[in-house]
Amino acid sequence: MVDVAMQAHGPNLARALMRGIGGEAARSELDNLSEPLKKMVYKQPRAKQWLTNALASDDFPSQVVSDVDKRVWLQKVVNLRGARGTNQVVKDFWMACRGTNHAFAS
C-alpha cells in the first residue's frame, strides 16, 4: 500500500522537498526535510528520477546554482543512500541555493 502511494505521490513529494531544500525552507527545517529525502532515496527505486525532474523544474526556487551543481548534489545524496552525512549535504546545498557560504545564515 505504501509503495502504491509513493508511486502516485513520489514526484510531488520530491518537488516539495526540492523547493524547501532549494532555498524556500528555513535553516531550522532542514533536518526535517532531510529525513523523508533519505528514506525516499533509500527505499524508492525511482527517487533519483523524481528528484532530477524536481531539480530541473521551472518552479525550482534558486537560480544561483547551476545544472552541474544540481547533478553533483543529487549524486552525493544518492551515493549516501540515506546515511547521516545526507543532512550536511542538504545544508550545504541549501546555503548554495540561497547564495551564501556562511554557516549562520538563515
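**A chat about the last helix and its surroundings**

Author: Let's start inside: phenylalanine 93 has its place in helix α5. Please keep in mind that this is a predicted model.

Reader: Thanks, noted. Is phenylalanine 93 buried or exposed?
Author: Phenylalanine 93 is buried, because its relative accessible area is 5% and the cut-off for buried is under 20%.

Reader: And what is phenylalanine 93 in contact with, leaving aside neighbours within four places in sequence?
Author: Its partners on that count are Ile21, Leu55, Phe60, Val65, Asp69, Lys70 and Trp73.

Reader: Let's look at the whole helix. How many residues does α5 have, and what does it reach from its first C-alpha to its last?
Author: Helix α5 covers residues 86-97, which makes 12 residues, and it reaches 16 Å. That is close to the 16 Å expected at 1.5 Å a residue.

Reader: How many of the residues in α5 are buried?
Author: The helix is mostly covered, with 9 of its 12 residues buried. Those are Thr86, Asn87, Val89, Val90, Lys91, Phe93, Trp94, Met95 and Cys97.

Reader: Which helices do the buried residues of α5 pack against?
Author: They pack against α1 (2-24), α2 (30-43), α3 (47-56) and α4 (67-80).

Reader: Nice. Let me zoom out, then: how many helices and strands does the protein chain have?
Author: The protein chain has 5 helices and 0 strands. Read from the N terminus, the order is α-α-α-α-α.

Reader: What about the radius of gyration of the protein chain?
Author: The radius of gyration is 13 Å, which agrees with the value near 13 Å that a compact globule of 106 residues would have. Along its principal axes, the C-alpha trace spans about 40 × 30 × 20 Å.

Reader: What share of the contacts joins residues 24 or more positions apart?
Author: Such pairs account for 68% of the contacts in the protein chain with a separation of 6 or more. As for burial, 39% of the 106 residues are buried.

Reader: I'm also curious about the surface. What is the accessible surface of the protein chain, and how much of it belongs to carbon and sulfur atoms?
Author: The accessible surface comes to about 6,300 Å², and carbon and sulfur atoms hold 53% of that.

Reader: And charges? How many positive and negative ones are there?
Author: There are 15 positive and 10 negative charges, and their mean positions are 6 Å apart.

Reader: Back to α5. Tell me about cysteine 97: buried or exposed?
Author: Cysteine 97 is in helix α5 too, and it counts as buried because its relative accessibility is 5%, with the limit for buried set at under 20%.

Reader: What is cysteine 97 in contact with, neighbours within four places aside?
Author: The list is Ile21, Gly22, Gly23, Phe60, Ser62, Val64 and Val65. Ile21 and Phe60 turn up in the list for phenylalanine 93 as well.

Reader: Where is arginine 81 found?
Author: Arginine 81 sits in the loop between α4 and α5. At 45% relative accessibility, arginine 81 counts as partly exposed.

Reader: Now asparagine 87, please. What does asparagine 87 touch?
Author: Asparagine 87 belongs to helix α5 and is buried, at 15% relative accessible area. Not counting residues up to four places away, asparagine 87 touches Asp31, Ser34, Glu35 and Lys38.

Reader: Last one: how far apart are lysine 38 and serine 57?
Author: They are 19 residues apart in sequence and 21 Å apart in space, C-alpha to C-alpha.

Definitions and conventions. Residues numbered from 1 in each chain as written. Predicted model: local features only at pLDDT ≥ 70, side-chain atom pairs only at ≥ 80, totals over all residues. Heavy atoms only, no water. Helix = DSSP H or I, 4+ residues; strand = E, 2+ residues; numbered from the N terminus. Rg over C-alpha atoms; globule rule 2.2 N^0.38 Å. Buried < 20%, exposed > 50% of the residue type's maximum accessible area, 1.4 Å probe, protein only. Contact = heavy atoms within 4.5 Å. Areas by Shrake-Rupley, 256 points an atom, 1.4 Å probe, with all protein chains shown as cover. Lys, Arg positive; Asp, Glu negative; His and termini not counted. Charge placed at Lys NZ, Arg CZ, Asp CG, Glu CD. Expected span 1.5 Å × (residues − 1).
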